[in-house]
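Dear colleague,

Please find the structure below, handed over for your records. My notes on what was found in it follow directly after.

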Amino acid sequence: MKCFFTIACLLFIAFSHNLSAQQFSDLVNAKDSSRYVYTFIKGDTLLYEAVSRDSILVDKQPPLLRDRKERFLLSCDSVDAKGRMYLSQRLIDITSSEYAGISQLIDRKSHEWKNIKISFIMDSTGKRYGFTAEDSAKARLSPGSAFQPLMFQYLGQGDHLINSGWIAEDTVDAPEFGIPAPMIRYLSSMRARPLIDTLDFACSQFESTISAQGTYLTKTQSGQNIRNNAVIAGYARMAMSEKLHIPIHFFGTNENKNTMIIETSKGNIEQKVRHYVTTYITLQKMVSSRGTYGPVPNVKVKSAKKSKVKKKK
């Protein structure tokens, strides 16, 4: 009965939030609007860099602090007749530093998630239609664990006036965070933001405030079942190229309240864990039939041209 009452309260809060979020009235600029879509074509290969910080608290132990720097490749393998994009992702480089309390700083330059290829199918709105993973029989987690800020979230449909808001909700399997894939069910309060120029791209922007529940099921090497149930509160901001409709820069932060349940022969063991994670993901380079995009050319090239002109004079 207590469980039913809790679920009913959560549904009431979500429903109330849904109604209020759909009634945004502060439409500031009626001339400007944006449509947020993802567009990848066959052969697109993008290199992203992610800079993250984790803070993990278990009971009364000193918090574990971890700084991570990762690079991953995102590729579009194909696009079907319905416009659904078959994307694959692979971590190619990672360095991390971590410590707890007064313990010695530990530097790491490898992780079991490195070079593991995962794939998922997504349409232009971010709606997902399935996934695959290499060596799915072996359980693995990404360096940031099962419930990180979700870069490719569902965006909804239609044009949105700048500073207007809308609601997007979805249930996704997120193989980019682990194998087996964590499942995340979320409700996102979205808001359109003004256009900006960043990293030499003209970008549309949106932000989202997310309430979510996550579940991750796996087994230990000895065969014990482990369930991680998470209550997630998050915020994210995305800058997307107006021309290419690809993510240029993403900022996300999550507060995850995890309940770890380990099944043993003597009963279940329950452990409460809090995980705070913040991440910045930035496009480093893109190779595509649409063009090659990357860092700004070195200033020395310009100075060389000037010296050549002087000689002609």
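**Findings: an arginine, aromatic rings and cysteines**

R128 is buried, with a relative accessible area of 13%; buried means under 20% relative accessible area, exposed over 50% and partly exposed in between (1.4 Å probe, protein chains only). The model is a predicted one: local features need pLDDT of at least 70, side-chain atom pairs count only at pLDDT 80 or more, and totals for chains, interfaces and linings use all residues. Residues are numbered from 1 along each chain as its sequence is written, and side-chain values use heavy atoms, with hydrogens and water left out.

R128 belongs to strand β7 (residues 128–133). Helices (H or I, at least four residues) and strands (E, at least two) are DSSP runs, numbered from the N terminus. The side chain of R128 makes a polar contact with that of E176, at 2.7 Å. A polar contact is a pair of N or O atoms within 3.5 Å; within protein, one must be able to donate a hydrogen and the other to accept it, and residues adjacent in sequence count only if both atoms are side-chain atoms. Leaving aside residues up to four places away in sequence, R128 touches several others, among them F120, L150, F152 and E176 (contact means heavy atoms within 4.5 Å).

Turning to the aromatic rings, those of Phe, Tyr and Trp (its six-membered ring) pair if their centres lie within 6.5 Å; planes under 30 degrees apart count as stacked, over 60 as edge-to-face and the rest as tilted. This rule gives 9 aromatic pairs. The ring centres of F40 and F152 are 6.1 Å apart and their planes stand at 70°, so this pair is edge-to-face. F40 lies in the loop between β1 (29–34) and β2 (45–58), and F152 in the loop between β8 (140–141) and β9 (160–162), so the pair ties together parts that are 112 residues apart in sequence. Both F40 and F152 are buried. For Y48 and F72, the ring centres are 5.5 Å apart and the planes are at 20°, so this pair is stacked. Y48 in strand β2 and F72 in strand β3 (residues 64–79) are 24 residues apart, and their pair links distant parts of the chain. Ring pairs also link Y38, F40, F120 and F152 into a cluster.

Finally, the cysteines. The structure holds 0 disulfides, a disulfide being a pair of cysteine sulfur atoms within 2.5 Å. C76 counts as buried at 3% relative accessibility, and C203 is buried at 0%.

Yours sincerely
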